[in-house]
Amino acid sequence: MYTTVIGLEVHVQLATKSKLFCGCSTAYGAEPNTQTCPVCIGMPGSLPVMNEEAVALAIETGLALNLQIAGFTKWDRKQYFYPDLPKGYQISQYDLPITHDGWLEIEDPKGAFEPKKVRILRAHLEEDAGKSLHDEAAGKGDTLIDLNRTGTPLLEIVSEPDLRSAAEAKAYLTELRLLLTYLGVSDCNMQEGSLRVDANVNLHIPSDDPDAKDGKIATPIVEIKNMNSFRAVERAIEYEAERQHREWKETGRRLGQSPKQTRGWDDAAGVTRAQRSKEESSDYRYFPDPDLAPVAITAAEVDKVRERLIELPAAIRQRLVADYGLSLYDADVIVNQGRPTVDYYLTVADQSGDNKLAANWLTQDVLRTLKSQEIGIEQFAIPADRLAGFVKKVSAGDLPSSRAREVFDAMLDSGADADAAMESLGITQVDDSEIDALCQELLAANPKVVADVQGGKQQAIGALIGQAKKKNPNIDPGKFRQTCLELIAKG
Amino acid sequence: MTLVESSAAELLGQLGAGETSSREITQACLDRTESHDAQVGAFLRVDADAALAQADAIDKRRAAGETLGPLAGLPVAVKDLLCQQGEPTTCASRMLENFRPPYDSTVVAKLREADAVLLGRTNMDEFAMGGSTENSAFQPTRNPWDLKRSPGGSSGGAAACVAAGMAPLSIGTDTGGSIRQPSAFCGVVGMKPTYGRVSRFGLVAFASSLDQVGPIAGSVTDTALLLDAIAGHCERDSTSLDVAKPNYLQDIDKPLDGLRLGVVTEHFGKGLDPEVESAVRAAIAAYEGQGAEIVELSLPHSKHAVATYYVIAPCEASSNLARYDGAHYGYRTEERAMLAQLQADRKAAQEAGDEQALDDIDTALVRMYRQSRSEAIGPEVKRRIMLGAYALSAGYYDAYYLKALKVRRLIRQDFDQAFEKVDLIIGPTTAAPAPELGQFDNDPLGMYLLDLYTVSANLAGLPAMSLPCGQSKSGLPIGLQLHAPPLEEARLLRAARMFEQSGAWETKRCEL
């Protein structure tokens, strides 16, 4: 069997208010060409001026991804002709990226793969190009250009080829997106193109060929472009691995025997397709942009950004497991919901004093409600401190767990706190003497049950629980069971 | 003395004293242009009505006792490479024949702030590439001293209009000597300031790391006056130097004490016209007469300056000019004809069964780029784009561009070391007086060598200026060049003024 080797290039739109080299807005969805100025559309005589916030966001991301921050970085021009590239070159970073050599740890709570550190080669800043809108309606072949996006700051995060499966690739992207949204450096909205992925894929096939390095033969690398969902990335990689294996069996062609190929992912057809070689045989003629001075980044500037760095998803997960005693699975579910949910959980856990129960209510009932109502935790009807009061009652046995769900629903409907909700439902505390009396009454009326329990069939008590609840709906079944068992044991 | 013979400083005095008006001065310049520019061809466009309206407005404000800018009422001609809002800014290229920028370049904005009258747009070599102003797509400019000769370039129109008395002041740009060389050929004063001293915002880029805007005028004082108005930090240009601007006029008449002048051995080698050499030597002697100490020195890497320049400048040009692709602005090939031709080519290849030819036929998009650029860009500009694209391409970058950058640093180091020993460097601006028109039609390399003495200042980012220091026997002006350390424009101007005041050479206007 072969190994799939994957490296990802992720383009992330940074959440700056203005573009990388001018003051134009980066807001999405405006009328075409309304967010442009002479600088971002490259009019003769216009000159770029660097957006310092974009540099700070790149440094912040770099720190979060364990990247080295360059003390000296510069801007380069990447030249190619395309109608949505108004200057005829893209301002990017070539040999001296702003950050380099870091890693992102990925882990699968379900254990589909071993936890691993995916190395990141570099993350560099560049400006985005515009958009070509092809209007082929009514036999026209017009192409219209929208330059609103031109000059929007992008961070291109390039991983080493450390990923070995579509699942790992997806986990990497999921973790990366989570981290970026935690930092707030990007909204990572894939529909709006804020996060775009290219994948470099090839296979290492075991072989006893004397030329095979370490007993493996590598197939030519293919770059898959234009993927706009994580699902597409997964499917494209799976498809491409099979296609390359098939092709290798047919042609035996290896890495180095044909140039790197660019393929596009056709999501509807579920296949990758070769793009015209004419369009990808590029010589970008990179050279330092003479309109922009190189950027020196001091340790003090990096420290300033470091100060605003918040706790990252991986660290929170670890804290929830180590300090809150949660399973990795629960911790993962909570952290993956985003920072507001984490904060919600921490309040509920801390105020209720029952970390596990707090996690159960959050990951099950709360999340289910959010999903069905299609809202975020910020819009959830029960504030964290109220849910904490509720969990505390359940945990202390002050609210029978059998009726907790009713109370939760009532709180959800009315926005009331746990006490008010319980009162409205007529749930009151049943004291121990009442339970005691009820047990004695029902045991006396059901000698068969007593005999069964004495014969070792403890579950026989179950038959009495329904009767008990009928007599007093506030009875806690657990407590009732326990009391009955104790009475029988005493004889 | 008529208005067109007066210096800008004199005109300012007369305006202040109420002896003349901006309208009179502007009208005199317009009349002079009207009567002589058909021969000279210095201007691409003159908007007389707009200029007179501006002049009237300034006269009115002066009459009302308002505080006016330092150039109030003085006409200034602007090289057609600097964006002026709403005005055609063609760069003397068919490519931008219909381009009207929606913004002012910083320099034009500063001229407006200084209350100058924008007289018109001067001719140039296309996109500032060339040394003779013959590479304009619209017309050649002729040297007013001898109409058979070139005014130099690329700011040939800017220098010629001052020499011919059509404007007291004009703005040029200098990438490899484009202000100083035509100033020398036309017998006027021109300065290339320190790189970053004057904003490049709105200057249509030729070679960004070398381009610098500068003043051209009839005298050193006028040059200082104009530089004072256009220099200074600009937030819209990242390469603009964030340093305070001194007042260039303040001490201009004070001679420099204990001046040490460097004379570069390499500047007096083979190829230097004997008449130019003797005029420059006489100028050096005049400085000695004023107490200057002359120090012989060497700039060992200067012999590589032209080669270095002709790698770096085309590389940047090939990139800067990529935006003229027919898609966004400027010239676009006639689409219908292009598509019809494309179809015909395809059909022919199909009928011939020539798979290879069919495969080689461009897409409509590629053909649009190619046709638009071929039709609208002139041969010299194409030549440089090709040179630059080649030098930057994979496999050649290290051998050409990177090597050139290294030599550029050595050239700068030579100057740094020289300026430890001397205050200024003095020498010729050009190896010979103005060449004849057509002389370089089949000799592009010969034209490149016109930049021999001027390119180093651009490569090193230094300020340098040219001022008249003599005339050849045939009556052609000869230029003296001074180089100073970075940001020492004031020193340069004071030293130039010393020569001007020495009486060794009286600057003359040409007869027309």
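## A tour of ring pairs and a helix contact

Across all chains, the structure, which is a predicted model, holds 24 aromatic pairs. A pair of aromatic rings is described by the distance of the centres and the angle of the planes, and both values are given at the stops where individual pairs are shown.

**Stop one: between the chains.** Select Phe81(A) together with Tyr369(B), whose ring centres lie 5.4 Å apart with the planes at 40°, so the pair is tilted. Phe81(A) belongs to the loop between strand E4 (76-79) and strand E5 (89-92) of chain A, while Tyr369(B) belongs to helix H12 (residues 364-376) of chain B, and the pair therefore joins two chains. If you colour the two residues by accessibility, Phe81(A) counts as partly exposed, at 33% relative accessibility, whereas Tyr369(B), at 6%, counts as buried.

**Stop two: along a helix of chain B.** Now select Phe415(B) and Phe419(B), which form a stacked aromatic pair with 6.2 Å from centre to centre and 20° between the planes. Both residues are in helix H14 (residues 398-421) of chain B and, because they are four residues apart there, about one helical turn separates them. Phe415(B) counts as buried at 2% relative accessibility, and Phe419(B) also counts as buried, at 13%.

**Stop three: a cluster in chain A.** Select Tyr80(A), Tyr94(A), Tyr284(A) and Tyr286(A) and display their side chains: ring pairs link these four tyrosines into a cluster.

**Stop four: charges over rings.** Staying in chain A, select Trp103(A) and Lys117(A), where the lysine lies over the face of the tryptophan at 4.0 Å from the ring centre. Then move to chain B and select Phe201(B) with Arg236(B), where the charged end of the arginine sits over the phenylalanine ring, 3.9 Å from its centre.

**Stop five: two packed helices.** Two packed helices are described by the angle between their axes and the distance between the axes. Select helix H1 (residues 8-16) and helix H7 (residues 220-230), both of chain B, which pack with their axes 8 Å apart and at an angle of about 70°. H1(B) and H7(B) are therefore roughly perpendicular to each other, since angles of 65 to 115 degrees count as such. Which residues in H1(B) and H7(B) meet? From H1(B) they are Ala8(B), Ala9(B) and Leu12(B), and from H7(B) they are Thr221(B), Asp222(B) and Leu225(B).

Note on methods:
Residues numbered from 1 in each chain as written. Chains lettered and ligands numbered in written order. Predicted model: local features only at pLDDT ≥ 70, side-chain atom pairs only at ≥ 80, totals over all residues. Heavy atoms only, no water. Phe/Tyr/Trp six-rings, centres within 6.5 Å; stacked < 30°, edge-to-face > 60°. Buried < 20%, exposed > 50% of the residue type's maximum accessible area, 1.4 Å probe, protein only. Lys NZ or Arg CZ within 6 Å of the ring centre and 35° of its normal. Axes fitted to C-alpha atoms, helices over the stretch in contact; angles between N-to-C directions. Parallel < 35°, antiparallel > 145°, perpendicular 65-115°, else oblique. Contact = heavy atoms within 4.5 Å.
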